[in-house]
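Hi everyone, thanks for making time. Could you bring the sequence and the model up on your screens before I start?

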Amino acid sequence: MGILVVGSVAFDSVQTPFGRADEALGGSATYFSTSASFFTDVRLVAVVGEDFPDEHIDGLKGRGIDVEGLKKAPGKTFRWKGRYDYDLNQAHTLETHLNVFSSFDPHLPEAYKDTPYVFLANIDPGLQLKVLDQVKKPKFVACDTMNFWIEGKPDALRKLLKRVDLFVINEGEARQLANEASLVRAARKIQKDGPRILIIKRGEYGSVMFSGGSYFCAPAYPLEEVFDPTGAGDTFAGGVMGYLANTGDAVEANLRKAIIFGSVMASFNVEAFSLERLNALRLEEIRARYSEFKRLTHFDDL
Ligand code: AMP
């Protein structure tokens with residue numbers, strides 16, 4: 001089953017203690033769709049400016065991603081500038097330039113409107129809602145957000161959360177959104193406002209899922225070197241949603257496997273800048289790391 005994604009397609013300028021990248025291809029929808037394309041068909045909704053090279057669009061097409069919903073508009077592509085210090089879990093935003101996204105009015109191609117799985121990647125919650133409104137009876141809807149929108153568009157975000165099945169969010173942002181120090185209490189509070197399932201990403205400490213009354217936690221893969229964490233969250237979501245769409249059934253057992261696939265995909269992404277590692281990734285590597293996750297979390301009964 002296919003996935004429709006709306007989110008940013010961007011040029012990122014990123015500095016980490018290990019190097020820097022200037023104006024590299026990035027964006028929440030770019031990372032998400034590249035990651036999900038290993039598992040299922042992806043339809044992309046976004047806007048880029050006239051400065052966006054066709055070779056990047058060809059690269060997405062080459063992965064089988066449907067780019068009919070990716071528009072080129074007069075103006076400049078979205079730009080994000082960020083810095084990471086030794087605590088790679090914490091991105092420090094230096095600049096955000098919405099550019100062509102500030103006047104983006106998405107109209108879904110006819111063929112996109114019956115997509116069963118929908119991922120509303122990190123972008124203005126107003127745009128996330130506009131896209132969701134155009135999808136006919138989606139089977140499963142998930143979304144992400146960040147502090148920029150929690151602070152800037154809280155009402156639209158609250159409205160959106162009532163309409164999603166799964167909400168994927170960072171630990172710090174979950175606390176900020178719920179105004180709660182305890183993660184468990186924050187999760188319960190967020191779930192009360194809408195999403196049945198909540199996945200909280202904890203960077204190098206893995207992720208936790210609250211689904212109905214149940215709780216599942218997955219570690220992050222123990223990497224010796226993390227080069228650039230940009231896009232880890234979106235790549236994680238791409239693995240989660242990609243696997244769920246592939247199975248067509250978001251039951252608890254599949255959700256748990258999906259989280260491991262998400263963790264596998266994110267662990268590869270952080271090994272290099274921009275989408276370099278994902279673009280070179282092979283299916284056998286994904287399968288092998290999935291099996292390693294099984295080994296590293298296994299323990300026997302009493
Ligand atoms: P993450 O997966 O959380 O590391 O997301 C990183 C990506 O989010 C980068 O490639 C940025 O281009 C993109 N991004 C940063 N800020 C925003 C924002 N306010 N809205 C949409 N996308 C953003």
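Predicted model: local features only at pLDDT ≥ 70, side-chain atom pairs only at ≥ 80, totals over all residues.

Residues are numbered from 1 along each chain as its sequence is written, and side-chain values use heavy atoms, with hydrogens and water left out.

Let's begin with the sheet of nine strands. It is open, with mixed pairing, and its order reads β5-β4-β1-β8-β9-β10-β11-β12-β13. Strands here are DSSP runs of E, at least two residues long, and helices are runs of H or I of at least four, numbered from the N terminus. Two strands pair if DSSP finds at least two bridges between them. At the edges we find β5 (66–72) and β13 (214–218), each pairing on one side only. From one strand to the next, the twist averages 15 degrees; axes are lines fitted to C-alpha atoms, for helices over the stretch in contact, and angles run from 0 to 180 degrees between N-to-C directions.

Inside this sheet, β1 (residues 3–6) and β8 (residues 117–120) run parallel and are joined by four bridges. Look for valine 6 there: its bridge partner in β8 is leucine 120. Helix α7 (residues 183–192) lies across β10, β11 and β12, at about 45 degrees to β12, where contact means heavy atoms within 4.5 Å.

Now the other sheet. This one is open too, with four strands in the order β3-β2-β6-β7 and mixed pairing.

Which helix lies across β2 and β3? That is α1 (residues 28–36), running at about 80 degrees to β3. α1 also lies across β1, β4 and β8, at about 165 degrees to β1.

Finally, the ligand. It is surrounded by 19 residues, and the closest are Ser8, Asp12, Gly27, Gly231 and Asp234; to be counted, a residue needs a heavy atom within 4 Å. Polar contacts are pairs of N or O atoms within 3.5 Å. The side chain of serine 8 has an N or O atom 2.8 Å from a ligand nitrogen. Ligand oxygen atoms lie 2.7 Å from a backbone N or O atom of glycine 27 and 3.1 Å from one of glycine 233. Taken alone, the ligand exposes 510 Å², and the protein buries 91% of that, using the Shrake-Rupley method with a 1.4 Å probe. Among the elements, α8 gives the most to the shell, with three residues.

Notes:
Polar contact = N/O pair within 3.5 Å; in protein donor to acceptor, adjacent residues only side chain to side chain.
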